[in-house]
Amino acid sequence: MRNIKLTIEYDGKGFGGWQKQPGRPNIQGEIENVIKLITKEDVELNSSRKDR
């Protein structure tokens, strides 16, 4: 297993929030899906929030 740090900013319009939720579009699920397409590996994102 490897760890990779990503710094992400996004406009959440049209999404039901960050965290995966059944039946609702979400940022976490979209990013995991794209990483899986690129790497051909299952991934699970863990996040922390930095307030401005």
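Let's start at the largest pocket, where 25 residues form the lining and Leu 6, Ile 8, Trp 18, Asn 46 and Ser 47 lie nearest the centre. A pocket here is an open set of points on a 1 Å grid over the protein atoms alone, where a 1.4 Å probe fits, with protein on both sides within 12 Å along at least five of seven lines; lining residues have an atom within 4 Å of a point. The model is predicted, so to speak of local features takes pLDDT of at least 70 and side-chain atom pairs count only at pLDDT 80 or more, while totals for chains, interfaces and linings use all residues. Residues are numbered from 1 along each chain as its sequence is written, and side-chain values use heavy atoms, without hydrogens and water.

The largest pocket holds about 1300 Å³ of space, a volume being the space filled by probe spheres set on the points. Its lining has ten charged, nine nonpolar and six polar residues, with Asp, Glu, Lys and Arg counted as charged, Ala, Val, Leu, Ile, Met, Phe, Trp, Tyr, Cys and Pro as nonpolar, and the others, Gly among them, as polar.

Now for the salt bridges (a side-chain nitrogen of Lys or Arg within 4 Å of a carboxyl oxygen of Asp or Glu): there are two. One joins Lys 20 to Glu 32, at 3.1 Å from N to O. This pair links distant parts of the chain, as Lys 20 is in the segment before helix 1 (27-39) and Glu 32 is in helix 1, twelve residues apart. Helices are DSSP runs (H or I, at least four residues), numbered from the N terminus.

Glu 32 is buried, at 7% relative accessible area, whereas Lys 20 is partly exposed at 45%. Buried means under 20%, exposed over 50% and partly exposed in between (1.4 Å probe, protein chains only). In the other bridge, Asp 42 meets Lys 36 at 2.7 Å, N to O; Asp 42 is exposed at 65% and Lys 36 partly exposed at 41%.

How values were computed. Helix = DSSP H or I, 4+ residues; strand = E, 2+ residues; numbered from the N terminus.
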